[in-house]
Amino acid sequence: MDLMSAPAFASDLYSDHLSGDIFFFYTPHHPGKLVYVDRELYQLLPQFNGDASIHEIAERNQVDGGQLIKYLEQLKVMGVLRCRDGHGHSRQQGNGKKAAKIDAWFHLTNSCNLNCTYCYIHKDGTAMSYDTAVSSIAQLAACCDNPASDVVSIRFAGGEPLLKFDSLKRIISYCETNTCNLYRFGIITNGILLSDHSIVQYLKEKNIAVAVSLDGPEVYHNLTRASTRHSNPFKATMCGIETALQHGLKVNILTTVAPENLPGLPELVKMMVSKGLHFRFSLQKTLEHDPALAAMIPQAAEVLLQCFEIMTDALESGKHSFDFNFNDIQFDYSVHRICGAGSTGVAVSQHGDFATCGMGLFNPQSPPTGKKNVLAYLEEQHPDLLRFSATDIPQCKDCPWCYCCAAGCPLQNKSLYQTYAHVSPYCQLIKQIMPTYIRLMALKRWKDLQS
């Protein structure tokens, strides 16, 4: 790019004022997706229409052309400017973290110390044996082209996986001592057993990512969490969370947004922000009928916008130690669908059967004997899932939020509408709340950069 270049401003990008003289752009194809500029540059950019040269615009506005080129080169890479050669953005992953070759969900057990009203797991007490785990790990490892560098991510789930803590430790020990692959481990738990200091210490020592499901403040959490062992499941879970935090173990809170807990979400957000926790809201998923939440779009939008406002106020008052994600929407890389089901994602049942994700374990499959690459087998069984992209859906491809929503959960769409290529049941909700959510994320990242 030189003074005679005539780049064009991507005027269809979403932008908004952030704070003071700072504005931001949402660039869906760029790895970072959020680009910050000052007021002067923000007001200058619309003058770049593909016809006027940088020299002309610099002269007209009495700015230094050489310095302007430096800014414009960066904006070109970030997707804010489009050049006549069509190359205005990058699609590389941008968060610096090596992506997992395989992201595996290990259903360790059907047993649980709670009996949640919405749980679809049949509490028959079955659990994954050590031999089943070893065999499954071998099948996953066979999918790696470069065992010394390919990362296998294993998340233990259930049921309540910490009820099988000894099995979990034995499986991790096997991975560490008997294979040459690189592993990352995580666990999804209701948090009650985190009150055991020895469990927490082990999880911290092994750098295991811990996610705790929490449905809301006490009254809303306990509404759906029946237990014969705990008179107050909320207090038991919070005790586990506090124990983990005391040991310096990072905890991520997972909340499913549903009609039952919707009114309690603002109070939950205040609690998460005050404790500086990392938390995520996921919209209710079902496989047999439209989720009840989808019939409450106006109410859900009102509550979620209130939650975003609470977080925005906290950020503007200097509180930014918390972290938040909504419905797995990514800002570190461009997505055409919301997850890796059918490509890098796989779930393993307690019996050693495989599915494309945890939601697919109601109908898992066993690769035929001699079929070493389980991912290739699942791709053969679900070719439409592998090929699916939100950009193939007419209602999605021109939507400004296509690369945020990415049509939602493909397995839910397949179950409800008999095709992966269908708009999410939450399409209208996403459209209502996305501008406010993107501004919240832009503000959070800006505050983190300034700290």
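The structure is a predicted model.

- Opposite Val 212 stands Ile 253, a residue of β12.

**The second largest pocket**

- The second largest pocket is lined by 15 residues, and those closest to its centre are Val 37, Asp 38, Leu 41, Gln 67 and Tyr 71.
- Three elements each supply at least two residues of this lining: β4 (34–38), α1 (39–44) and α3 (65–77).
- Helix α3 provides the largest share of the lining, with five residues.
- Sorted by class, the lining of the second largest pocket consists of 10 nonpolar, two polar and three charged residues.

- Side chains of opposite charge can pair when their charged atoms come close.
- Asp 103 and Arg 155 are joined by a salt bridge between their side chains, at 3.5 Å from N to O.
- This pair links distant parts of the chain, since Asp 103 belongs to strand β6 (residues 102–109) and Arg 155 to strand β8 (residues 151–158), 52 residues apart.
- Asp 103 has a relative accessible area of 27%, so it counts as partly exposed.
- Arg 155 is also partly exposed, because its relative accessible area is 31%, which lies between the limits of 20% and 50%.

**Salt bridges within helices**

- Asp 166 and Lys 169 form a salt bridge in which the closest N and O atoms are 3.8 Å apart.
- Asp 166 is exposed, at 58% relative accessibility, whereas Lys 169 is partly exposed, at 29%.
- Another salt bridge connects Arg 387 with Asp 384, and here the closest N and O atoms are 2.7 Å apart.
- Arg 387 and Asp 384 are three residues apart in helix α12 (residues 383–387), so about one helical turn separates them.
- Arg 387 has a relative accessible area of 56% and is therefore exposed.
- Asp 384 reaches 43% relative accessibility and so counts as partly exposed.

**Gln 246**

- Gln 246 is part of helix α8, which covers residues 233–246.
- The relative accessible area of Gln 246 is 62%, so this residue is exposed; the cut-off for exposed is over 50%.
- Gln 246 and His 197 are 49 residues apart along the chain, and their C-alpha atoms are separated by 9.7 Å.

Terms used: Residues numbered from 1 in each chain as written. Predicted model: local features only at pLDDT ≥ 70, side-chain atom pairs only at ≥ 80, totals over all residues. Heavy atoms only, no water. Pairing = 2+ DSSP bridges. Helix = DSSP H or I, 4+ residues; strand = E, 2+ residues; numbered from the N terminus. Buried < 20%, exposed > 50% of the residue type's maximum accessible area, 1.4 Å probe, protein only. 1 Å grid on protein atoms, 1.4 Å probe; cavity = no way out; pocket = protein on both sides within 12 Å on 5 of 7 lines; lining within 4 Å. Nonpolar A, V, L, I, M, F, W, Y, C, P; charged D, E, K, R; others polar. Salt bridge = Lys/Arg side-chain N within 4 Å of Asp/Glu carboxyl O.
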